[in-house]
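Here is a quick tour for anyone opening this one for the first time. Keep the picture in view and follow along.

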Protein chains: 2
Amino acid sequence: MQALWLENNQLSYRDDLPRPTPAVEEALIKVRLAGICATDLELVKGYYPYTGILGHEFVGEIVQAPTAPTRIGQRVVGEINVACGQCDWCLSGYAKHCQQRRVLGIRNQAGAFAEYLCLPLKNLLPVPISLPDEAAVFTEPLAAALAIQEQIHISPSHQVLIIGAGRLGQLIAQTLRLTGCYLWVVARHEQQQQLLSHQQINWLNELTIPQQTFDIVIEATGSASGFSLARQAIRPGGTIVLKSTYHGDMAINFSSLVVDEIQLVGSRCGPLVSALRLLEKQLITPMPLIDGYFSLQEGLRAFERANQAGVFKVLLTGGSDNFMQR
Amino acid sequence: MQALWLENNQLSYRDDLPRPTPAVEEALIKVRLAGICATDLELVKGYYPYTGILGHEFVGEIVQAPTAPTRIGQRVVGEINVACGQCDWCLSGYAKHCQQRRVLGIRNQAGAFAEYLCLPLKNLLPVPISLPDEAAVFTEPLAAALAIQEQIHISPSHQVLIIGAGRLGQLIAQTLRLTGCYLWVVARHEQQQQLLSHQQINWLNELTIPQQTFDIVIEATGSASGFSLARQAIRPGGTIVLKSTYHGDMAINFSSLVVDEIQLVGSRCGPLVSALRLLEKQLITPMPLIDGYFSLQEGLRAFERANQAGVFKVLLTGGSDNFMQR
């Protein structure tokens, strides 16, 4: 089958990979759409040593399910963490932190930039009929945005700043807008600014960020530069949420965190069910974020496009030919 | 008057300083006892550029109070942050983060390693009669220990690790012991271990710390080395509380904080009233932490002693001659 393969920080298009075979309690899924996210770009740069098929944002169709034949034909999105189900973490409800976990397209689990993928049945959530593939493919990154509100309480009177108005920053802005909080987004590119304005979300550029003002700052730039802006914008006693994964260490002054009593909160994956709920009710409108569609064969060009500044979501059409090619 | 003076990272004993004069709404306090803390040692090393009389832990007696003569003779401890009382921070209850604040012996406010000091009357809390000076002098560091529980909820079933069993670590251990949590303390020196054992607090050495186990880890070593131990000991999703202030930056891997969803909480000063309450009820027993008493004239020797590994609280007898000299 066709897929995008990562090995030694080199991404390649391959058409010689075997179609995977679902294990017991797994399903084979034909990928309909898959999204390229900042973590994919970082994986290619060597953020984490992964060899295999990339991709963890997808919507697809179950085409084989040895122990659940009634689910064949179901359109699904998937929880990307494949936990062991037996360790202390799994048994105490922290499956996403299972130390033996595989992670779709990130750790020991072939990913979604392919015609087909396998995942355990329990990881697969049916997509409501009313929800088109082009919206459903945003379920996983939207869940990551919602993780913030799983971890910290954002009240209607909080002053909140999001640093970064890219793929993830835009989704976070849409979720936080629903809280009624006083929300600003740091947006660098005109396309980002327009999209925010269109949704009546305030934006500013990084030269005009008020200092020591915000109760909560979300760092979603995908790069190390965002943290120093966050540190300047946060009020003493405030909380900085870290959403970016990137290669390398950051030097920070711990004493100033202590003196100003700042909280840092690392935040990763979130609740898919809630993401589907918000998408179905059209409280989140992700489709304006779509930059374009590429076939797997055009995959390297898709990655080039996704790497360009200010570009939002680039989608791969996987095993499907339903989508207009660019 | 006599005092210990810091200038250009040089501490000196001086006997030529003028006795300070209280402003309106201030009191002049004769220092009875003052404690040397890790922050003082760091200030001498250049952690923060301060010129003036050091010292912020004290118990003393009001000897002059132009607008409150009835308070003369009162034995007091003091809130070390002298806030402006008028800015947005002060008016919204965050006076300890007032950006114009002076801080006793740390920022623009002559400190407690002296015969006399001045503080606003509203910063001064009366010491209960039953509480001896040798216990009352621990009010400020005990309040700093209690700051942890002002910021995060520690439940009886949490697994908590304190890294560092020095001056502050011991006080934190005593406060957390009262929560009923499952508590361990990393103690390097025999004297630290004995003191913990005596209070039936579990201790271990840094080679036997269980990995990725604790819900909450308190970093109280006063040095950069403690953080990497904390990072190893914390469970995914757990909270690391930072209590140490020291010079310089730390390099940390932000991506791993994101993937493991770790929270970092900077923690500084705490509630003096609650500290006095616990001391008065003898729920905290600080006096075994006293290493010895030095006069101001012996101040440099006192600092040498406080700098030695495993030494607990070194006290300066200030303007008082009530205390046995070493």
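Start with the open sheet of 12 strands, which has mixed pairing and the order β13(A)-β12(A)-β11(A)-β14(A)-β15(A)-β17(A)-β17(B)-β15(B)-β14(B)-β11(B)-β12(B)-β13(B). Strands here are DSSP E runs of at least two residues, helices are H or I runs of at least four, and both are numbered from the N terminus. Two strands pair if DSSP finds at least two bridges between them. At the edges stand β13 (202-204) of chain A and β13 (202-204) of chain B, each with a single partner strand, so one side of each has no neighbour in the sheet. From one strand to the next, the twist averages 20°.

A word on ground rules: this is a predicted model, where local features need pLDDT of at least 70 and side-chain atom pairs count only at pLDDT 80 or more, while totals for chains, interfaces and linings use all residues. Residues are numbered from 1 along each chain as its sequence is written, chains are lettered from A and ligands numbered from 1 in the order in which they are written, and side-chain values use heavy atoms, leaving out hydrogens and water.

Zoom in on chain A: strands β11 (residues 159-163) and β12 (residues 182-186) run parallel, joined by five bridges. One of the residues to look for is Val160(A), whose bridge partner in β12(A) is Leu183(A).

## Helices on the sheet

Angles run from 0 to 180 degrees between N-to-C directions, and axes are lines fitted to C-alpha atoms, for helices over the stretch in contact.

| α7(B) (residues 225-233) | β11, β14, β15 and β17 of chain B | about 150° |

## Two crossing helices

Elsewhere in chain A, the axes of α4 (residues 139-151) and α9 (residues 272-280) come within 8 Å and cross at roughly 110°. That makes α4(A) roughly perpendicular to α9(A), a label for angles of 65 to 115 degrees. Among the residues that meet are Leu142(A) and Leu146(A) from α4(A), with Leu276(A) and Leu279(A) from α9(A).

## A tyrosine in chain B

Tyr13(B) sits in strand β2 (residues 10-14) of chain B. Its side chain makes a polar contact of 2.8 Å with that of Gln2(B).

Terms used: Polar contact = N/O pair within 3.5 Å; in protein donor to acceptor, adjacent residues only side chain to side chain. Parallel < 35°, antiparallel > 145°, perpendicular 65-115°, else oblique. Contact = heavy atoms within 4.5 Å.
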